[in-house]
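Here are my notes for your first look at this model. Keep the structure open while you read, and find each element as it comes up.

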Amino acid sequence: MDPVDVLIIGSGIAAMQTALTASKTKHVILITKSELRESNSYLAQGGIACAIANDDKPELHKIDTVCAGRHYNNRLAVDKLVNEGPVVMQELMHTGMAFDCNEQGLPLLGLEGAHSQRRILHRQGDATGKHLMEHYLKRLAKSSVHVMEHTAAIELILGEDDSCMGVKTMSKQGKISSIYANAVVLATGGCGSLFRFTSNSPTVSGDGIALAFKAGARIRDMEFIQFHPTLLYIKGKTVGLVSEAVRGEGAELVTESGKRIMNDVHPQKELAPRHIVAQTIYSYLKNGEQVYLDISMIPDFKKKFPTIAALCENNGLDLTKARIPIAPGNHFLMGGIEVDEWGKTSVQGLYAVGEVACTGVHGANRLASNSLLEGLVFGKSLGKHLAEAPERVWPAEKKQTKRVMTQLALPNLTEIQANIMNDAGIVRNQANLSRLLSWLESFDLEALLDVDVTKLSLPELDKIHAIIVSWLITYSALERTESRGGHFRTDYPLENNENWREESVVLDHHLAIHQLKGRELYEPIEA
């Protein structure tokens, strides 16, 4: 056994930034279950929020971040994001990353929902993520980082001291291998593809959260899920994201008759925080009224938003009518694996960064375009920490007896997606959440947490991870008896600052087993 210094699981901006920074002094391996270009970061349209304008300040960025997060944010994490953000962006531009500029060569800064200032950096309008990731892929190719594509992490390897000392992997052909490492970093993104309607890459399914949870890591705030208000909605399906930047340029949300639905809802109208816009659109769709983005006031729409225009036209939409049918869908997870400011989890040797991690920086609802900035800032911080880390004391590997389950009666992913979207989606209540929790627990969750993964196929593991993460979301949503940010309950429609503003729902493997053994399944309540 010859461990590497750092093993990173993931292929988004947080993984890239961590890998390149740590590789300055360490031997780094980066693995991804698909390919490097298949990540949410690559799909990102909106841009990167950063207070670099003369009339903007990090303090204003902080105020907007905390306001969007419904004052549930970790203030130290927000300070880190907004104060280190300008420095990281300057470093990024010095390495050759270019953004859209005006004739004077100054960055063209966009405006998005809940921002008080124009501070969004873009590249080719709505293709920021693609160009950012291509920039990093070029840097990665010139680095010492060893990349392994089509290599899925299926289980974390633990030492006798319960620390993380590596990862069991499965190749595309089903071959099982073990990679040992002084530090293991989860940068696997959120859980968007667990929902029927989502803007996420199909590969973003919450598996990193499931791996960490099974290994004993603390999981926090899983009830806080952001639903992006505007996904392109064609023939009953969401087929891609329509960036908030479109509303930042003046697009209006209207019904078939032309009624503006946000006029009397919020002072910022279409640029209200995302949870407010998404819930408003959902209320119209639930009543059978289609909602559209009216783009008639945006000159040169195709030139300003080439990616979105191509998405619409490729799905048969006539943009000359200047109306884009939209629906809200899962976009971002504010919760995840609990970490400190350096990305350390509650399991020694295990780290998390990016959307899979919960630093508390986003609170109950992420401010638009803060996600790429988070990956850049916290990825650099974690990478630097790992680059400077001393050799760890190497434990003996923990001997564990796993359950062999060859006859698994599991639901298909389509059924899971439909049920979680319906019962733990944009609008929630105790009846639906209890029904969903009971259904999830009927698949013997306790056994799934302890199954021998080496005897299973990747599709079976995907289903198990989906059930585990869906349970974490549902249980957490039942526990939080208030509405805040991305978590909205019709039976508790108001924020409860007295009981919940400073409280988090935190779960770990041992607590979950105790909960499952200590009570009967939740009885479904009649709606």
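This is a predicted model: local features need pLDDT of at least 70, side-chain atom pairs count only at pLDDT 80 or more; totals for chains, interfaces and linings use all residues.

1. In H6, the buried residues are Asp207, Gly208, Ile209, Ala210, Leu211, Ala212, Phe213 and Lys214. That makes eight of the eight residues of H6 (residues 207-214), so the helix is largely enclosed by the rest of the structure. Buried here means under 20% relative accessible area. After H6 comes Gly216, with a positive phi near 105°.

2. H15 covers residues 458-479, which is 22 residues. From first C-alpha to last, H15 reaches 32 Å. That is close to the 32 Å expected at 1.5 Å a residue. How many residues of H15 are buried? The count is 16 of the 22, so H15 is largely enclosed by the rest of the structure.

3. Look next at a pair of helices. Two packed helices are described by the angle between their axes and the distance between the axes. Take H4 (residues 75-94) and H11 (residues 371-388): their axes come within 9 Å. These axes cross at roughly 90°. H4 and H11 are therefore roughly perpendicular to each other; the range for that word is 65 to 115 degrees.

4. Which residues of H4 and H11 meet? On the H4 side they are Ala77, Lys80, Leu81, Glu84, Gly85, Val88, Met89, Glu91 and Leu92. On the H11 side they are Leu373, Glu374, Leu376, Val377, Phe378, Lys380 and Ser381. By type, the contact of H4 with H11 has nine nonpolar, two polar and five charged residues.

5. Check a lysine. Lys62 lies in helix H3 (residues 58-68). Is Lys62 buried or exposed? Its relative accessible area is 15%. The cut-off for buried is under 20%, so Lys62 is buried. Leaving aside residues up to four places away in sequence, Lys62 touches Arg75, Val78, Asp79 and Val82.

6. Turn to the strands. Strands of a sheet pair through backbone hydrogen bonds, either parallel or antiparallel. Strand E9 (residues 176-186) is mostly covered, with eight of its eleven residues buried. E9 pairs with E1 (residues 4-9) in parallel, through five bridges. There, Leu7 stands opposite Val184 in E9. E9 and E17 (residues 350-352) also run parallel, over three bridges. Val185 has Tyr351 in E17 as its bridge partner.

7. E9 has an antiparallel partner too. Five bridges join E9 to strand E8 (residues 164-171). Lys168 stands opposite Ser178 in E9. E8 and E9 form a hairpin with four residues between the strands. In that hairpin, Gly174 takes a positive phi near 95°.

8. Finish with an open sheet. Five strands build it, in the order E12-E11-E15-E14-E13, and the pairing is antiparallel. Which strands stand at the edges? They are E12 (237-241) and E13 (252-255). Each has a single partner strand, so one side of each is left without a neighbour in the sheet. Neighbouring strands of this sheet are turned by 55° against each other on average, direction ignored.

9. Strand E11 (residues 225-234) and E12 run antiparallel, joined by three bridges. Ile234 has Lys237 in E12 as its bridge partner.

Terms used. Residues are numbered from 1 along each chain as its sequence is written. Side-chain values use heavy atoms; hydrogens and water are left out. Helices (H or I, at least four residues) and strands (E, at least two) are DSSP runs, numbered from the N terminus. The expected span of a helix is 1.5 Å times one less than its number of residues. Buried means under 20% relative accessible area, exposed over 50%, partly exposed in between (1.4 Å probe, protein chains only). Axes are lines fitted to C-alpha atoms, for helices over the stretch in contact, and angles run from 0 to 180 degrees between N-to-C directions. Angles under 35 degrees count as roughly parallel, over 145 as roughly antiparallel, 65 to 115 as roughly perpendicular and the rest as oblique. Contact means heavy atoms within 4.5 Å. Ala, Val, Leu, Ile, Met, Phe, Trp, Tyr, Cys and Pro count as nonpolar, Asp, Glu, Lys and Arg as charged, and the others, Gly among them, as polar. Two strands pair if DSSP finds at least two bridges between them.
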